[in-house]
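Dear colleague,

Please find the structure below.

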Amino acid sequence: MIDMTQTKVPRATADATGDGDIGGMRQRIDEIDQAMMSLWRERARLSGRIGAARLAAGGTRLVLSREQQVLRRFREGIGSEGVQLALLLLRAGRGPL
């Protein structure tokens, strides 16, 4: 059995990875995350408003063809993970089915 208290794990540094300033890259990731969360909230609000307007006009709660467009766009743009992201976005705007 290995005594992990005696095992030293090297810290990731810019020199060890060759990737430059890790702190700076993490800061940029944090900025991107903030922008994504802001855009997520804006998208959900807009989608909710569209759904409410559609219902007020006598339409359906959701439009399946529109959801299929969104799913296809995310699949083509990101790949299989894009479908999962699109499903989360769609749910955020319309709620669970």
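In these notes, buried means under 20% relative accessible area, exposed means over 50%, and partly exposed lies in between (1.4 Å probe, protein chains only). Helices (H or I, at least four residues) and strands (E, at least two) are DSSP runs, numbered from the N terminus. This is a predicted model, in which local features need pLDDT of at least 70 and side-chain atom pairs count only at pLDDT 80 or more, while totals for chains, interfaces and linings use all residues. Residues are numbered from 1 along each chain as its sequence is written, and side-chain values use heavy atoms, with hydrogens and water left out.

Helix H3

H3 covers residues 64-78. Its buried residues are Glu-67, Val-70, Leu-71 and Phe-74. Seen down the axis of H3, these fall within an arc of 95° (the arc of the directions from the helix axis to the C-beta atoms), so they line one face of the helix. The face turned away from that buried side carries the exposed residues Ser-65 and Glu-76. Helix H2 (22-56) and helix H4 (80-94) are included in what covers the buried residues of H3. After H3 comes Gly-79, with a positive phi near 110°.

Helix H4

In H4, the buried residues are Gly-82, Val-83, Ala-86, Leu-89, Leu-90, Gly-93 and Arg-94. They cover an arc of only 125° around the axis, and are therefore on the same side of H4. Ser-80, Glu-81 and Leu-88 are exposed on the other side. The cover over the buried residues of H4 includes H2 and H3. Gly-95 follows H4, and its phi is positive, near 85°.

Yours sincerely

How values were computed. Expected span 1.5 Å × (residues − 1). Contact = heavy atoms within 4.5 Å.
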